[in-house]
Amino acid sequence: MFLLMFCMLPLGATQNSIKVAQWMLQIPGATSYMGCIGKDKFGEEMKKNSMKAGVNVHYYEDEAAPTGTCAVCVVGGERSLIANLSAANCYKSEHLKRPENWALVEKAKYFYIAGFFLTVSPESIMLVAEHAAANNKIFAMNLSAPFICEFFKDVQENALPYMDYVFGNETEARTFAKVHGWETENVEEIALKISQWPKASGAHKRITVITQGADPVVVAEDGKVKLFPVILLPKEKLVDTNGAGDAFVGGFLSQLVQEKPIEDCVKAGCYAANVIIQRSGCTYPEKPDFS
């Protein structure tokens with residue numbers, strides 16, 4: 001199957017995850033999101049779709065740059081992306097500091113930021129990370145892509161001590177290990193080493209969660225590694241892997257914020273990812289049937 005998508009789907013790594021978490025929770029306004037869009041029809045579509053999904057969005061609207069867009073090529077269920085980041089690269093920490101936006105930070109108990117944002121506004125990341133550490137809140141990030149680990153190593157290392165949860169896939173984990181001179185490609189060992197990276201605050205331990213496609217999810221915490229099987233899907237049912245990792249995080253977070261055990265968080269992540277890969281784009285049915 002060959003499918004080239006030029007569609008009006010409001011996507012983006014963190015926004016995918018938050019929308020999936022919101023869908024899993026089924027509680028309007030349980031989640032909030034900040035990012036940057038342009039003042040154009042795509043920006044308006046982003047706002048409309050996010051509000052329809054129940055997410056409380058506070059976008060920074062850039063005056064000059066258009067809303068970021070992305071073309072997706074899908075062949076046999078696997079995807080390749082061509083992104084024009086545009087306004088997505090223009091977020092400013094001044095927007096975060098506005099009283100009406102910082103009020104969301106003060107109200108929230110859990111924070112999640114994709115590693116891609118390290119290329120845009122490290123200052124914003126550190127503002128939220130330091131707030132979370134100082135107020136005993138949960139701060140999570142994603143390795144997001146091998147190039148983040150390779151070319152944004154310093155800003156990633158600055159944020160890592162504040163991360164209570166680190167998400168990633170096996171390729172990103174191996175790249176992280178290579179960049180840091182760890183002479184291993186064993187994902188379990190790498191996950192454990194990431195979990196043991198020094199922390200800025202002792203209030204929470206760090207848990208590393210690494211997905212491996214159809215192979216078991218690796219979870220490292222308290223000096224131990226656990227493996228959790230994923231939901232296997234017949235190849236003929238695979239439509240589009242785009243957003244699968246984002247959906248996993250969204251499902252995971254939906255249970256984490258309810259203080260469910262790690263087993264339930266992983267199970268929800270696997271469920272959400274399984275739903276998304278059977279559809280085009282990071283989309284989902286009206287209601288989840290997860291239990």
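Author: Start with the term. A salt bridge is a side-chain nitrogen of Lys or Arg within 4 Å of a carboxyl oxygen of Asp or Glu. The background is simple: side chains of opposite charge can pair when their charged atoms come close. Keep in mind that this model is predicted.

Now take one pair. The side chains of D164 and K199 form a salt bridge, with 2.7 Å from N to O.

D164 has 4% relative accessibility, so D164 counts as buried. The cut-off for buried is under 20%. K199 has 25%, so K199 counts as partly exposed.

Next pair: K97 and E123. Their closest N and O atoms are 3.1 Å apart.

Now a pair within one helix. E45 and K48 meet in a salt bridge, 3.5 Å from N to O. Both lie in helix 2 (residues 41-52), 3 residues apart, so about one helical turn separates them. K48 is exposed, at 53% relative accessibility. Exposed means over 50%.

Salt bridges can also be joined up. E44, K47 and E61 are linked in a network of them. By the same rule, the model has 10 salt bridges in total.

Look now at the sheet. Strands of a sheet pair through backbone hydrogen bonds, either parallel or antiparallel. Here, an open sheet of 6 strands runs in the order 6-7-8-9-10-11, with mixed pairing. Strand 6 (110-113) and strand 11 (224-228) are at the edges. Each has a single partner strand, so one side of each has no neighbour in the sheet. From one strand to the next, the twist averages 15°.

Strand 8 and strand 9 pair in the parallel sense, over 5 bridges. Among the residues involved, N169 has T211 of strand 9 as its bridge partner. Helix 10 (residues 244-256) packs on this sheet. Helix 10 touches strand 6, strand 7 (138-142), strand 8, strand 9 and strand 10 (215-221). The direction of helix 10 makes about 155° with that of strand 8.

Helix 1 (residues 13-25) packs against helix 11 (residues 262-276) at an angle of about 110°, with the axes 11 Å apart. The two helices are therefore roughly perpendicular. From helix 1 come V20, W23 and M24; from helix 11 come A268, Y271, A272, V275 and I276. The contact residues divide into 8 nonpolar, no polar and no charged.

I27 sits in the loop between helix 1 and strand 2 (32-38). At 48% relative accessibility, I27 counts as partly exposed.

Definitions and conventions. Residues numbered from 1 in each chain as written. Predicted model: local features only at pLDDT ≥ 70, side-chain atom pairs only at ≥ 80, totals over all residues. Heavy atoms only, no water. Helix = DSSP H or I, 4+ residues; strand = E, 2+ residues; numbered from the N terminus. Buried < 20%, exposed > 50% of the residue type's maximum accessible area, 1.4 Å probe, protein only. Axes fitted to C-alpha atoms, helices over the stretch in contact; angles between N-to-C directions. Parallel < 35°, antiparallel > 145°, perpendicular 65-115°, else oblique. Contact = heavy atoms within 4.5 Å. Nonpolar A, V, L, I, M, F, W, Y, C, P; charged D, E, K, R; others polar. Pairing = 2+ DSSP bridges.
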